[in-house]
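I hope they are handy to read with the structure open beside you.

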Amino acid sequence: MSSPIRFAHRMTGLKSSPIREILAAAQQSSVISFAGGLPATELLPTMEGWVPPATAGQYGPSEGEPELRQQVVEILQKRGLTVTSDQVLITAGSQQGIDLTAKLLLDPGDTVALESPSYLAALQVFSLFQANFSDLGSSAEQLNFAQVERVLQANPKFSYLVPTFQNPTGYAYSADERSQMANMLDKYQIPLLEDEPYRELDYASDTAHVPIAAQLRQAPWLYQGTFSKVLLPGLRIGYITASQEFMPSLIRLKQAADLHTQRMGQHWVSQWLSSGKQPAHVDNLVVQYRQRRNAMQIELERHFGAIASWREPKGGLFFWLKLHEPQDTRLFLKAALEAGVAFMPGEPFFGHGDEKMGYFRLNFSHSDPAQIATGLARLKKVFEQGPRSI
Ligand SMILES: Cc1ncc(COP(=O)(O)O)c(C=O)c1O
């Protein structure tokens with residue numbers, strides 16, 4: 001008998017995220033995981049002894065806690081993006097900002113212009129809303145603005161960019177690319193969703209990385225950040241800010257989604273920020289993650305130098321590798337997990353129906369240098385043995 005459930009048509013667009021499945025398999029303590037974008041567990045600040053205010057158990061405002069919204073305004077000001085606190089909405093992580101933007105802007109068949117490869121959980125959300133994708137160019141190297149212009153001329157519904165230490169490639173736009181992109185978005189008046197979870201994890205600190213949103217004069221924009229990568233991802237606290245015309249609808253959508261972001265976490269983040277501990281905490285993360293990035297670079301040269309190419313990332317959490325002889329890297333995953341190492345195959349990051357073979361992503365923040373050495377030695381053996389059918 002066929003099922004009596006009539007799933008919404010949009011569910012056909014919702015693919016299971018391979019990341020969740022790989023992360024579940026990588027949970028076993030015997031597995032060294034380079035798969036997710038997880039912070040180092042031992043570097044997470046503790047919440048021990050913290051007592052939430054009594055009011056934090058009550059329902060709160062959909063926009064978020066006023067004190068935290070004001071602190072976000074100050075964070076953004078330092079980046080060069082001037083907003084008022086009524087332009088800030090506290091979200092359940094920046095993943096929710098992607099979901100709200102998709103609900104706000106996408107009708108079935110609309111086009112989102114994005115870098116290729118792009119953040120796969122954003123692709124997942126946009127696909128759920130039955131969007132098509134158009135490819136602005138490779139996110140692993142400097143953009144070709146002739147191609148960007150062709151794509152924007154075709155009037156996509158909006159553009160989704162991760163300009164600072166992109167996921168998965170680690171690439172950061174130069175100052176010139178940022179201003180060219182802003183000019184081009186302005187010229188065609190294409191709304192921008194700029195997503196910046198990684199900008200503080202900067203191991204070179206040689207560039208200002210001014211947000212593209214701050215350079216727009218005509219095009220409407222949304223810009224988001226998160227406390228996941230620089231505080232506690234389990235809290236699920238992020239923020240989205242936008243040009244004024246978006247705010248009333250965004251707040252109504254937030255209300256419809258979950259009334260408001262959990263207040264305990266908002267209070268904790270707010271108190272942590274006002275304690276003055278955050279700058280030293282981020283400095284420490286940068287020192288530790290730079291060491292891990294360097295350790296991975298050395299071990300990659302040792303084990304993968306002959307079979308793959310990559311660029312050392314200047315920030316963020318990932319190496320993005322390309323095999324000299326392209327093969328479907330998903331076919332190495334089962335053997336890798338059996339060998340006690342997890343990695344992220346690259347194919348799902350393309351997701352445009354033109355999946356490119358032979359790329360994979362490695363996270364370096366979650367494992368210490370000794371684990372990085374052991375894990376990459378294991379992974380090298382798996383790649384030497386060749387692909388296996390799933
Ligand atoms: C580009 C990008 N956007 C958004 C997110 C989601 O982050 P959050 O934990 O704040 O929801 C991630 C997480 O890896 C990401 O890489």
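1. The centres of domain 1 and domain 2, taken over C-alpha atoms, are 24 Å apart. Domain 1 covers 9-44 + 279-385 and domain 2 covers 54-274, with bounds that come from an automatic or database domain assignment. To their contact (heavy atoms within 4.5 Å), domain 1 brings 37 residues and domain 2 brings 33 residues.

2. A word on the basis of these notes: this is a predicted model, in which local features need pLDDT of at least 70 and side-chain atom pairs count only at pLDDT 80 or more, while totals for chains, interfaces and linings use all residues. Residues are numbered from 1 along each chain as its sequence is written, and side-chain values use heavy atoms, with hydrogens and water left out.

3. How much area do domain 1 and domain 2 bury between them? The figure is about 3,000 Å², with 64% of it on carbon and sulfur atoms. Buried area here is the accessible area (1.4 Å probe) that two parts lose on being put together, summed over both.

4. Across this interface the rule finds one salt bridge, that is, a side-chain nitrogen of Lys or Arg within 4 Å of a carboxyl oxygen of Asp or Glu. Lys-314 and Asp-206 form a salt bridge through their side chains, at 3.0 Å from N to O. Ten residue pairs are in polar contact between domain 1 and domain 2, both residues at pLDDT 80 or more. A polar contact is a pair of N or O atoms within 3.5 Å; within protein, one must be able to donate a hydrogen and the other to accept it, and residues adjacent in sequence count only if both atoms are side-chain atoms.

5. On the side of domain 1 that touches domain 2, helix 1 (18-26), helix 9 (278-304) and strand 10 (318-323) each supply at least two residues. Helix 9 gives the most, with seven residues. Helices (H or I, at least four residues) and strands (E, at least two) are DSSP runs, numbered from the N terminus.

6. A nitrogen atom of the ligand is 2.6 Å from a polar side-chain atom of Asp-195. Ligand oxygen also lies 2.7 Å from a polar backbone atom of Ser-94, and a ligand oxygen is 2.8 Å from an N or O atom in the side chain of Asn-167.

7. Pro-168 sits in the loop between strand 5 (158-161) and helix 6 (175-188). The bond from Ser-116 to Pro-117 is cis too, with omega near 0°, and Pro-117 belongs to the loop between strand 3 (111-116) and helix 4 (120-128).

8. The structure as a whole holds 16 salt bridges. In one of them, the side chains of Arg-79 and Glu-200 meet at 3.5 Å, N to O. Arg-79 is in helix 2 (residues 66-79) and Glu-200 in the loop between strand 6 (192-195) and strand 7 (221-226), so this pair ties together parts 121 residues apart in sequence.
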